[in-house]
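Please read the numbered points with the model in view.

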Amino acid sequence: MDRFSLLTDSNSFSLAKIVHIDSIHIYMSPSMMITDDESRYQKGVKHLCENGLQEVPNKYILPSSERPNRNMEDFNVVKENLQLPIIDFADLIGPDRPRALKSLANACETYGFFQLANHSIPGDVVRNMMDVGGRFFDLPFEERAKYMATDMRAPVRYGTSFSQTKDSVFCWRDFLKLLCHPLPDFLPQWPVLPVDFRKVAATYAEETKSLFVTLMEAVLDSLGIMEDKQKQTEETDMLKEFQDGSHLMVVNYYPACPEPELTLGMHPHSDYGFLTLLLQDEVEGLQIQFQGKWVTVDPIPNAFVVNVGDHLEIFSNGRYKSVLHRVLVNATKSRISVASLQSVGFNCRVRPSPKLIDEKNPKRYKDTDFGTFLDYITKHVPKSKDFLDSRKLTY
């Protein structure tokens, strides 16, 4: 199956039927039918808020054990914000690279997250992306709904929660997901409004792709397996695969919530790729699990939050760990973020590097690919690091 067939999954559309929800067409298979009582949640959190929502509906209320307990006596939550390690991109590509690589390795081993400063992407590119993302969610619902789809393989998908058809409890989040590579294939399918959306988002996608490739070269170097780039090695081949690899961009919108202690913007999860580059506004919300406790990440203006994905954990044979993270919402401010999830191509297999396997460190993960991940999430409700756990080898 070629890459485009994998993404569009024409078979699923041949089985699909059109369901009319207030004149909005949403593609759903017969097994994904929804009741009239649930239909209003399919339109997203912003639509609910625009219609005068005063309390959190039951569909979004988490079981008490899973709620973001803000009680100061909750020992599972750290009271003070976390200052993640800061990696200066200028150091990674400059004469201070050896020291920066040690800092990078420590951040990936200890936190699974770091903040990337001086990242070289022009400030106007970053600001324009945040601005146009916000303006997309300001469009009338009827315009946003043109891109609604329940098929997780859809190259453009506007939706809510994580899975509108499977989640028993919805997340307090709306999103726009865009496949970005190869850009000429997908750009014509991206939203036409706002009028500058395609131009701004395409520029941002190209910049983050370039940054990702440079970062991955540093990551391979930090693992001690990067050899002479002038010679043909497995690592130089991987860098070429990253150039032509998968790239999913997700614009997230978290409206202000009347009862934020009852719900989450995103449930605890890890990301599937090699690295995720997160651009966020200055509203707090991102939390990571560190030393068994939830800690809030302090936003740093003009910096990316970068995290290790499941594929990098597999490739590093467990040395670099993908980390559970979640998103809080608040009662007074909406929040916007743009996540760029990047990996090798959809048809490429990810396996532990042979250079990181020996008698003391046997192979710890099965080989995997993007198709395996899609098959898993279409059959299971994503929870914690369940997919990665399914790839672990036991001895």
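1. R144 is buried, its relative accessible area being 0% (buried means under 20% relative accessible area, exposed over 50%, and partly exposed in between, with a 1.4 Å probe and protein chains only). E50, at 42%, is partly exposed. The two residues form a salt bridge in which the closest N and O atoms are 3.8 Å apart; the term denotes a side-chain nitrogen of Lys or Arg within 4 Å of a carboxyl oxygen of Asp or Glu. This pair connects distant parts of the chain, since R144 belongs to helix α8 (residues 141-144) and E50 to helix α4 (residues 45-50), 94 residues apart. Helices here are DSSP runs of H or I with at least four residues, and strands are runs of E with at least two, numbered from the N terminus.

2. The model is predicted: local features need pLDDT of at least 70 and side-chain atom pairs count only at pLDDT 80 or more, while totals for chains, interfaces and linings use all residues. Residues are numbered from 1 along each chain as its sequence is written, and side-chain values use heavy atoms, with hydrogens and water left out.

3. How many salt bridges does the structure hold? The total is 14. In one of them, D96 pairs with R99, with the closest N and O atoms 2.7 Å apart. D96 is partly exposed at 30% relative accessibility, and R99 is partly exposed at 43%.

4. Another salt bridge joins the side chains of R135 and D196, at 2.8 Å from N to O. Distant parts of the chain are linked by this pair: R135 lies in helix α7 (residues 123-137), and D196 lies in the loop between α9 (183-186) and α10 (197-222), 61 residues apart. R135 is partly exposed, with a relative accessible area of 29%, as is D196, with 26%. Elsewhere, salt bridges with shared partners join K46, E50 and R144 into one network.

5. α10 packs against helix α11 (residues 234-243) at an angle of about 160 degrees, the axes being 9 Å apart. Axes are lines fitted to C-alpha atoms, for helices over the stretch in contact, and angles run from 0 to 180 degrees between N-to-C directions. α10 and α11 are therefore roughly antiparallel, a term for angles over 145 degrees. On the α10 side, the contact (heavy atoms within 4.5 Å) involves K209, F212, V213, M216, E217 and L220, and on the α11 side E235, L239, F242 and Q243.

Conventions. Parallel < 35°, antiparallel > 145°, perpendicular 65-115°, else oblique.
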